[in-house]
Amino acid sequence: MFDIHRKSVQFGNKTLTIESGRMARQADGAVVVTCGETMVLVTVVADKGAVARPAQDFFALSVHYQEKTWAAGRIPGGFIKRETRPSEREVLISRLIDRPMRPLFPKAFQQETQIIATVISYDQVNSPDILAIIGASAAVAISGIPFVEPIAGVRVGYIDGQMVINPSHEEMEQSRLDLVVAGTASAVTMVESEVDFLTEQEMLDAIMFGLESYQPVLTMINELVAECGKPRWSLPPHDVDTALVAAVKERSEAALRDCYAISEKMKRYEAVAALRESVASGFSAWPAAGGGVTDQSGTAREIFKSVEAEVVRNHILTTSGRIDGRTLSGIRPITCEVGILPRVHGAALFTRGETQALAAVTLGTTRDEQIVETLDGEYRERFYLNYSFPPFSVGETGRVGAPGRREIGHGKLATRALTAVLPDQETFPYTIRVISEITESNGSSSMATVCGAVLAMLDAGVPLAAPVAGIAMGLVKEGDRFAILSDIIGDEDHLGDMDFKVAGNETGITALQMDIKITGITREIMAAALSQAREGRLHILNEMKRVIAAPREEMSLHAPRICSIKINPDKVREVIGSGGKVIRAITEETGCQIDIADDGTITIASIDAEGAKAAETIIRRIVSDVEKGQVYTGKVVRITDFGAFVNILPNKDGLVHISQMSNQRIQKVSDVVQEGDTVTVKVLEIDRQGRVKLTMKEI
């Protein structure tokens, strides 16, 4: 019989419980994290075989977050009634778990490791993503798999001027901040946020508030480890041949400085790659300890990487200079172009140094809204951004097809940055699709996407509340020395200690994402990075405004014209007609796309403005009521002995009695009118039964 271990802690105004020993007992580590009636099962398993595959130089960690619809008492929509490929939300939460966890596995540990977080119960109140982060940390901590220290996570909201821990979905609707903070007991290692123009100081306070808030959870995880944690795995021996290290450094250090004096990315990469192979080939016959020789070229390549990092980092810290010759706060040259694609509704090409984003906007109607299915049910998105990172953007060949996790993550970050400035439905009744094709990349393509998307939407005439810009910041820290870098390039990203992306304008921040590779980053460093980022994004924003500062007054000729009218909901059936006959007739006659909501909102879309006006006129006639004394022009639809019936409004006929046809006496109705004639009439009376009496005499 297995023992069940359970720990609970007060987490904000809720109770958080972690249980181990009941489920998934054959995994290396497994926990169930519960808050309210939301439960997440998290497991971790590591390959106990070979240390690593041949030539493997990375940690093969995979994280899979899964939302099962049955957990919320739902059945999947669509034709296939089971969960299939991961949704974008599942991919994004998988990344939320991966990013703070990955840096805390020892470098010497390279066994394939898999973390799976499965939502097994969902109460539609307590979000499972924070529980999954906490559960992943707890599962690894008790598994015995080498891990530096546990992490925890928390969501922070900002409601009525107050910070709130793990707000409910209803509370989040009132929040100006959606911030996820994760990290260790001493440092924040990951931040993801969507913001409604909070200041740098408010954001810094929120991050520190998150750090303080998750401390009780870390204490609980450590208590669970003390109670049921497995013995730590022993790491493979890593004997360092100091003579080999010194030899590689001697043969490569000076030449690497020359390579990194080359500012152009592709030429620098070619020079570094050639040097790496040249140095490695010199160690294919290195003297072995017991005599003879061994091939140490692979080890030499690994040492070369560390020398490369040392050269770049020391240069930055010692000289405050950078690979491409900029100062620490310098921004790469910026070029902005708009209106470059004649058939799209709005387009822009944003180039910053060797990073370039081609952004395009397509405007549509409510039929083009994206339908998203989650555990909370279906909802619709009227704004969505698709980010693509083709392999040619970095001069490589590679997989082309469905978006990868990185592309989904970067697209979501750009979406968060733009959400706060989008117009509401009443102001701009369009569905907005933005695409960002990265055509060149040397760092910060997600922030180039933010800038390009803003330019493209302004070019399309989208009335944004204000333009925003984005910038990626970096950090190099050795001991007490540190340098904050603005607008980092690719080398500064992977050789540095921080990737810190900030979007916003002079008013405040709209999105912030931070990944830190080291511990010990202080509040002062973060404050300095936020301040320097503000200066950088305002510079970028000014460069964008030189090209286009406000939405165009005239939309593209190829964009649909949309107008909305509101009618009495009781009249909707009259506009639709029996079996949709009336609405189809209007669509065929005018060429418009017409959408009708149950609340009486009718949206008319057409590239032809005259067609849209004609459709609106027809609909208004259908829903208008006949008024006594009003004059109408209509068609004679039927003749009888006693008079003629005239259609004065769609689906509304009135009778002109023979006595009301002329001031002179007439013998037959047909002497005055024929079926199909167009006549002008005036409403004499509407009786209690709704019958309309008309006259031609007074006209």
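Predicted model: local features only at pLDDT ≥ 70, side-chain atom pairs only at ≥ 80, totals over all residues.
Local features need pLDDT of at least 70 and side-chain atom pairs count only at pLDDT 80 or more, while totals for chains, interfaces and linings use all residues. Residues are numbered from 1 along each chain as its sequence is written, and side-chain values use heavy atoms, with hydrogens and water left out.

**Nonpolar cores**

- A nonpolar core is a set of buried Ala, Val, Leu, Ile, Met, Phe, Trp, Tyr and Cys residues joined through side-chain atoms within 4.5 Å; buried means under 20% relative accessible area (1.4 Å probe, protein chains only).
- The largest such core has 137 residues, and Leu-16, Ile-97, Met-457, Leu-512 and Met-544 touch the most other members.
- Helix H2 (residues 128-143) gives the most to this core, with 11 residues; helices are DSSP runs of H or I of at least four residues, and strands are E runs of at least two, numbered from the N terminus.
- Another core, of 28 residues, lies apart from it and includes Ala-247, Val-279, Ile-303 and Phe-304.
- Leu-16 has contacts (heavy atoms within 4.5 Å) with residues including Phe-11, Val-33, Leu-131 and Met-220, not counting residues up to four places away in sequence.

- E25 pairs with strand E26 (residues 601-606) over four bridges in the antiparallel sense, and Asp-595 has Thr-603 in E26 as its bridge partner.

Key
Buried < 20%, exposed > 50% of the residue type's maximum accessible area, 1.4 Å probe, protein only. Pairing = 2+ DSSP bridges.
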